[in-house]
Every structure is written in C-alpha cells, then in structure tokens.
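I opened the model to look up a few contacts. My notes follow.

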Amino acid sequence: MNIIISGLITGSMLALLAIGFSLIFGVARIVNIAHTAFYMVASYCIYYLSVKTGLNPLLSMLIAVAAVTILGLLVYKFLIDPIREHEGAVLIATIALAMVFQEIVLLLFKGDYRTVDFLITGFFTIGGVKVFYQQLLTFGVVLLTLGALWFLLMKTRLGLAIRSTAEDREVANLMGMNESRLAMITLGISVALAGLTGAVLAPLTVLNPYMWMEPLIMMMAVVVLGGLGSIKGSFVAAFILGFTEALVVFLIPKGAFLKGSVALTIMILVLLIRPEGLFGVSFEEER
Amino acid sequence: MGLVLFYLKKFYKIVRNEVLVLPSRVIVALFFIVLLGLPLVTQDPYVIRIIILTSIFAILAASWDLLSGFTGQMNFGHALFFGVGAYSSALINLHAHIPPWGSVPLGAMVAVIAGLIVGIPCLRLKHTYLALTTLAFPIILTGIIFALPEYTGGELGVSGLKRFTNSLIGNYYLHVVTMLVLAVIMWKITDSHTGIIFHAIREDELAVKASGINTTRYKLLAFCLSGFFAGIAGGLYAHYMRIAGPSTLEVSMSFTVVIWAIFGGAATIYGPIGAVFILFPLLEFFRFWPEYRTMIFAAVVLVILLYMPEGFIHWIRDKIEKECPRCKIRNAATRKTCRVCTAGLD
C-alpha cells in the first residue's frame, strides 16, 4: 500500500514536470535544464507566502504559480531568446540559470530544510497504512491538470499550432504561425506546469535549495523513456519510474541509494530495444 | 657547431614567420612559456595548487570537447569517465600496490572500457536522447558505489593514496607538462584524418555514411579516446587530492565540464583549455565572497554568453584575427592586406 501511494505521488510529479519539459523542447528545441529549478522556486514562493507572511495557502499557491510563470517569461525574453540559434549556448545558459536560482534561494532562505503545512489535514487508513487527504488532493489536481492540458493541445487552435510547430518548425512558420511568439506561449505553459508541480508537491516534500537536482534527472529519464514530445508516453513512463523507485526503496535493503540507479537502468534497457522511447515517433532527421 | 647554428637559424625563422605573424599563436606560445616558467617567479603553494587543479580540469574539458564538440555526440555524463578513472586508479593503487605511474594509465584504460560500455547503447541514440541518456550513467554508478561501501568507501570515498612525488615543483611540472602534452596530442588527433571525419559526423552523419565511412566505428573511437583522456584526468585528480570520492561523479561535475567547454568554444580543443584557465582561477578568486561565489560564477557565464554565444575564446580570436576573403588564411587584425596573397582585407 505504501508502495502504491509513494509510486503514485512520485509518478504524478514526474509526469507534470516531464510534460512541461518535453513541450518546450518540442516547440522551441530548448533543453531547459532550469525546468526543475522553477519548480524549486515555486515551492519556496509558497513557503514564503504561506508560512512567513501567513497568507491563505491556496491564494499563495496561485500567486506562486503566476510569479514563476512571469519569471520564466522574463528569463526567456532577456536571456534565452537572444541566443536561440546557438544550441550549446542555450544549454549552458539554462544550467547557469538553475545555479543562479539555487544560489539566490540559498541566500534568501539559507540551506535549512523547510516544510509547508498541508492544505487539508486528516487521513484515513487502508490496510494499516495512513493515506493523507493531501496526497489524494495532489493526485487529483495532477490528473485534472493533465486532462486540461490534453484538451488544450488536442482541441484548441493554440494546441494545434503548438503540435504543428513541434512537428515541423519551418513549415509551421511558412503557414503563417508566429514561431517566436508561440515559443514564448509554450514556455509560459511549461513553466506554469513546473510551478504548479511545486505548488501541489510543496506540502508533501521537504524544501531545500538543492531539491531541483534529483527530479531533474528522473524527469529527463521519463522524457527519454516515454519518447520526446509524447504526452501519453511521459505519463506512462512517469508512473513506471515512480513505481520502480517506490518498489526499490521499500523492498531492497539500502534501496534509497539504489533507487535512481535501478530506474535509470530500466530506462537504458528500454532504449536498447526501442531507441525512440516507448511512445516516441522517430522524427525524420533534421538537417 | 655549424649544425647547432643551422637549427638555431631554422628555429628563429619558424618563430618569426610562423608564430609572430599571428596574435593567437603568440598567445599560445606565451601560454606555454608562462606555465613552464612560473615556478621560477613564485613558489607559493596556493598558486601552484590552483594551477595543478586547473591543468587537470583542462584535460577533462578538452576530452569532452574531443567527443561532444567534434562528433556532436552531446555527452552530459562526462563525470562518469572522470569518476571511473579516479576510482579505478585509486583502487589499483591501494589494493595492487602499483605506484601512481602505473595506476593512472591503468585507470585510464578502465575508463576506456567505460567509454565502450556507454558508447555501445548510445550509438543508436541521437541528439537530445543521447544527451539525456548519458546523464544517467554517472548516477547509476554513484548508486552502486553507495550500495557497496565495503569496496568503495561509500560516501567517504577511497582515501590514503600515494602522490606522484612529494615535492611541490615536481608535482607542478608533472601535471602541467602532462596537460600540455595531452592537449597537443588531442589537438593533433582533431587535426588529423580522424579529426576531419569526427567533424563531418557532426555536420552530416548521413553524408559521411554515404561516403563509405563506418561512422559507428568512429563514434566508438571518439567515446574511447575521450574516455581515455578523461580517465587520465580522473587518475591525476585522485592521486593529487589523495582521495577518490563520489563528488567526482556528481551531476554538477558533468555540468561544469559542459559549461567550461562551451564557454570557451566547442570543437576547438584550445577553447575549453583556455576557458578552464580563465574560469577556474576566477572561481577561486571569488572565494573572498563565499556566499556569492557560485552565483557570480553563473552570472558571469550567462552575461558572457549573451554577448558571445560562439564562445569566449572564439570571440577573442575573431577580434584579433581576420580571415583573408580570397585565400582563407588568417591574418592579424591590424594588417590591411593579406600576408600571403596580398588581397585587401575587410
């Protein structure tokens, strides 16, 4: 039971992060290493607003998501957009950005471990295991967000534009889509997703300025395992890896050290058989 | 006597006609002279220590460039080779009692095997998939190291290694000369036939395949070469610090290597080395403000990239040198006409 709950929570976090990451990669070809750093910043925003200033937790979550989105857009406009043509430069710009965020948070809040209160308290027990309402709420919000995202991508004109740009940037541009504006919008959505992940997960995890490293790696593993740009793939892969981690932690002695290794080994094994990931489409090579 | 005079004359001619005509070559020559002559000026242990570490990391950054800059196989897990080199030479030194002279090359050979192990599954992957997959390998190894503390020392690492020599100057020359020699070897590799194929693989793998070249073999070769040089860097690091710890395998280590190499300018070999020699001492300089150290470092990288996305060393080279529009030979930026074909510059 513990395994199921822990797997569900990790899986849903990874799913949200991975989808945001693969969205911006698909549309703008930006490998955004700072993606999970936005998640960390959002969590700290909530911590500051709800614990330090005593704001309503729900309100502070909304503010945090909005603030992180604006931050993401500003960063894109001033730091990423001018060097878009140089892939390598964008890459290390995002790494440097993540480091800057980490250091700023470290300066403002120090390196201590912080916690945020639950939105709703209370729990019920199934099979001798406590299930907190907060965990259910997190899971529900994640499912809802994923549904909304699916609707946005599949049923609206904006979604059509995003999908077509992801498939072929040049042709989409020729068809009269404003590629750079679209990249901006997608980045907004992507960062908002990261912020939202921070919002729903902040009560369940311990905050520290280095918390972006570990999800970053797992998120990349999910993205690769599921296939870049495939939402269904990210979703399935996130839960595969989430459950693997939970299983390893609970069943193998010293599992906490090995959880990353086992999950990543699974990823590599899958890639040996299917190089484009579980649900990935092998794109025609760009030249 | 006559022979000596002849060679002296020849040397003078080469210096005058080949080195002094281009500012970048002058800078490289000065770099060699300053590095080799530094102990004559100062023997401050702190300065010596920083230059030794800088040299070790310069080898590492250049080896990343050999693989990722040249063949375009973005490797985000370069710390793997460094860590494997460090750990294996440490274990060989400790358990087989082989002195550092033997354990460092042996550790590098283990890193070559690691390169093969990583390279074979990665051959089927491209671009971002490859980058994200390679990131996984050092983390897998870290997990294994933490799970087997009896053999690897767990979090504490393998300690109590022997140094090459205990003399300050001896250590300095050992590391600096190794760095310079390896850098020249790497530069020669990239300048050779193999290097041209590496270049071509990055630009257009399909065209290379169509020309009847076995790209798989060359990509594996790149992985092995890069693993070898990074393994040597790892072994040197382990023996210099006298400890091989899990910090050599950290994600931030892999990222730092990428930052160094791209900051200097990828696919040049001299770019990453120059970048390490600028950034690493800079980071040490910032220790006066310890809380802001990493932040200033990241901010410097961000700002410089914003203005020089091609890389810092590249940018400098473009400022001090011009390419002749007719014969494509490089000239000092101060010249009005090309030094070979006398065509007007700019």
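I took the centres of domain 1 of chain B and domain 3 of chain B over C-alpha atoms and found them separated by 22 Å. Chain B is divided into domain 1 (1–41), domain 2 (44–306) and domain 3 (308–346), with bounds from an automatic or database domain assignment. The contact takes 4 residues from domain 1 of chain B and 6 from domain 3 of chain B; two residues are in contact if their C-beta atoms, placed from the backbone, lie within 7 Å.

The model is predicted: local features need pLDDT of at least 70, side-chain atom pairs count only at pLDDT 80 or more, and totals for chains, interfaces and linings use all residues. Residues are numbered from 1 along each chain as its sequence is written, and chains are lettered from A and ligands numbered from 1 in the order in which they are written.

Next I looked up the chain pair: 39 residues of chain A are in contact with 35 residues of chain B. On the side of chain A that touches chain B, α4(A) gives the largest share, 13 residues. Helices here are DSSP runs (H or I, at least four residues), numbered from the N terminus.

I then checked α4 (residues 87–109) of chain A against α13 (residues 251–264) of chain B: their axes come within 10 Å and cross at roughly 135 degrees. Axes are lines fitted to C-alpha atoms over the stretch in contact, and angles run from 0 to 180 degrees between N-to-C directions. That makes α4(A) oblique to α13(B) (under 35 degrees is roughly parallel, over 145 roughly antiparallel, 65 to 115 roughly perpendicular, the rest oblique). Among the residues that meet there are Leu91(A) and Ile95(A) in α4(A), and Phe255(B) and Ile259(B) in α13(B).

Notes. Helix = DSSP H or I, 4+ residues; strand = E, 2+ residues; numbered from the N terminus.
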